[in-house]
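Grab a pencil and keep the viewer open.

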Amino acid sequence: MSTKRALGERREFEEKLDLIFEYMRSEQHKGNWAMDMEHWDWVPGVGAISLLEYGTAAGAEKVTGYLLLWVKRNQAKAEGALVINSLAPYALFPELYRLTGDPWFLSKAQDVAGWILGSAPRTREGALEHTVTEAAEFPEQMWADTVYMAVLFLARLAGLSGDRRLAEAALHETLLHLRLLQDPETGLLFHGWNSRAGDHMSAARWARANAWVVLSVPEIVALTGRIAAVPEELYSRYRKLVSALRLVQGAGGLWHTVLDRPDYYLETSASAGIACGFFKAVRVGLLEDSFLGSAVKALEGILPLIRADGEVEGVSGGTPVMPSVEAYNAVQRYPALYGQGLVMQLLTEAMTQQQLDSIDSI
């Protein structure tokens, strides 16, 4: 890629990122569960994680400043009951501690990590049980979502503190999820595992479940690998997963909401998460450069789905493990902070890749 073309695309990405950011923080979304930043759960959590990645990578102080104010406004909510889905916003805390030196970020992060390691409900295999803020329980169920909502936080805190126990816990939890969710035939991940029944429930190879793991593992490995030994099995299972994902990528670059059902709709948030994971995995040396082609193809398919007002189209709604594979195709699509955020992360990582390409060409 020529430097001129890279800089031109960077400006395009920066413009779209700013549009997405403005759409995310707009007051028009107040009271809309999927787009309202003012609560403490996985939906605004994924949005906030994405904003921090964009803000730090682009040097956008207005974004990091917005996040600091967001945490301050919602600090009381952070003191609420702990469940897996409410942990997502804490993934911000290690970096916010680095940026500000505010001891509250570190102290609160350590408290949350203590709960995960010592008190969080677990399945009989020892994996974190997926718990939610809604009045619903999923006893002894493990969902792929947990890797992003909770394990990523553990890895980030381990990277900050150098705590070997946290690093080993993050790696162990990631490997448990891969073992119990990976389809031995295709290499793809099922959405969930029911320890009581000993099955994958509806056995849907749901795209966003795969995206949460593909996106998380490169960072988890990069942060913990400096502190603890990464099991070879984790590497091999991850490579099997991403190789399987390349085989089911749609012709236009996006993945279908159920990966092995090409008659089902194409889904933006999962596609962005998978492509971003490919970019990150290549950057940290987890995958070879050939995966960049799949990532770029997805990026090209997603760019037209960013509207002029910053809304990202084609995002499926919040999705528990559904009662049947067919039910996943009936999930409605609407704007959501996690969809905005995953596309934001993809654009941010693409800009980072452009910068690396430009340096390599000098």
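Before we start, one term: helices (at least four residues) and strands (at least two) are DSSP runs, numbered from the N terminus. With that, you can read a place such as that of Glu-140, which is found in the loop between H5 and E1. Keep in mind that this is a predicted model.

**Exercise 1. Work out whether Glu-140 is buried or exposed, and describe its phi angle.**

Step 1: Buried means under 20% relative accessible area. Glu-140 has 13% relative accessibility, so it counts as buried.

Step 2: Now check the backbone. Glu-140 is not a glycine, yet its phi is positive, at about 55°.

Step 3: Ala-203 sits in the loop between strand E2 (192-194) and H8. Its relative accessibility is 28%, so Ala-203 counts as partly exposed.

**Exercise 2. Find Glu-129 and list what it touches.**

Step 1: Look in the loop between H5 and strand E1 (141-143), where Glu-129 has its place.

Step 2: Check the burial. Glu-129 has a relative accessible area of 14%, so it is buried.

Step 3: Leave out residues up to four places away in sequence, and Glu-129 touches Ile-84, Pro-121, Arg-122, Thr-123, Phe-138, Pro-139, Glu-140 and Gln-141.

Step 4: Pick Gln-141 from that list. Glu-129 and Gln-141 are twelve residues apart in sequence, while their C-alpha atoms are 5.5 Å apart in space.

**Exercise 3. Classify two aromatic pairs: Phe-93 with Trp-104, and Trp-255 with Phe-278.**

Step 1: Know what to look for. A pair of aromatic rings is described by the distance of the centres and the angle of the planes.

Step 2: For Phe-93 and Trp-104, the centres are 5.3 Å apart and the planes make 50°, and the pair is tilted. Phe-93 lies in helix H4 and Trp-104 in helix H5 (residues 103-118), so this pair ties together parts eleven residues apart in sequence. Phe-93 is buried, at 0% relative accessible area, whereas Trp-104 is partly exposed, at 21%.

Step 3: For Trp-255 and Phe-278, the ring centres are 6.1 Å apart and the planes stand at 90°, so you call the pair edge-to-face. It links Trp-255 in strand E3 (residues 255-256) to Phe-278 in helix H10, 23 residues apart. Both Trp-255 and Phe-278 are buried.

Step 4: Zoom out. The count comes to 17 aromatic pairs. Ring pairs also join Trp-40, Trp-70, Tyr-90, Phe-93, Trp-104, Phe-105 and Phe-153 into a cluster.

**Exercise 4. Which residues of the largest nonpolar core touch the most other members?**

Step 1: In soluble globular proteins, nonpolar side chains tend to be buried together.

Step 2: The largest nonpolar core has 135 residues, and those touching the most other members are Leu-51, Leu-92, Phe-153, Leu-245, Phe-278 and Leu-347.

Step 3: Follow Leu-51. Beyond its neighbours within four places in sequence, Leu-51 is in contact with Phe-21, Met-24, Met-37, Val-63, Tyr-66, Leu-67 and Met-344.

**Exercise 5. Describe the largest pocket and its lining.**

Step 1: Start with the space: about 550 Å³ lies in the largest pocket. Among its 21 lining residues, the closest to the centre are Glu-53, Arg-156, Glu-219, Lys-280 and Arg-283.

Step 2: Sort the lining by type, and you get nine nonpolar, three polar and nine charged residues.

Step 3: Sort by element, and the largest share, five residues, comes from H2.

Notes. Residues are numbered from 1 along each chain as its sequence is written. This is a predicted model: local features need pLDDT of at least 70, side-chain atom pairs count only at pLDDT 80 or more; totals for chains, interfaces and linings use all residues. Side-chain values use heavy atoms; hydrogens and water are left out. On a 1 Å grid over the protein atoms alone, a cavity is a set of points where a 1.4 Å probe fits but cannot get out, and a pocket is an open set with protein on both sides within 12 Å along at least five of seven lines; lining residues have an atom within 4 Å of a point. Grid points are joined across faces, edges and corners, and a volume is the space filled by probe spheres set on the points. Ala, Val, Leu, Ile, Met, Phe, Trp, Tyr, Cys and Pro count as nonpolar, Asp, Glu, Lys and Arg as charged, and the others, Gly among them, as polar. A nonpolar core is a set of buried Ala, Val, Leu, Ile, Met, Phe, Trp, Tyr and Cys residues joined through side-chain atoms within 4.5 Å. Buried means under 20% relative accessible area, exposed over 50%, partly exposed in between (1.4 Å probe, protein chains only). Contact means heavy atoms within 4.5 Å. Rings of Phe, Tyr and Trp (its six-membered ring) pair if their centres lie within 6.5 Å; planes under 30 degrees apart count as stacked, over 60 as edge-to-face and the rest as tilted.
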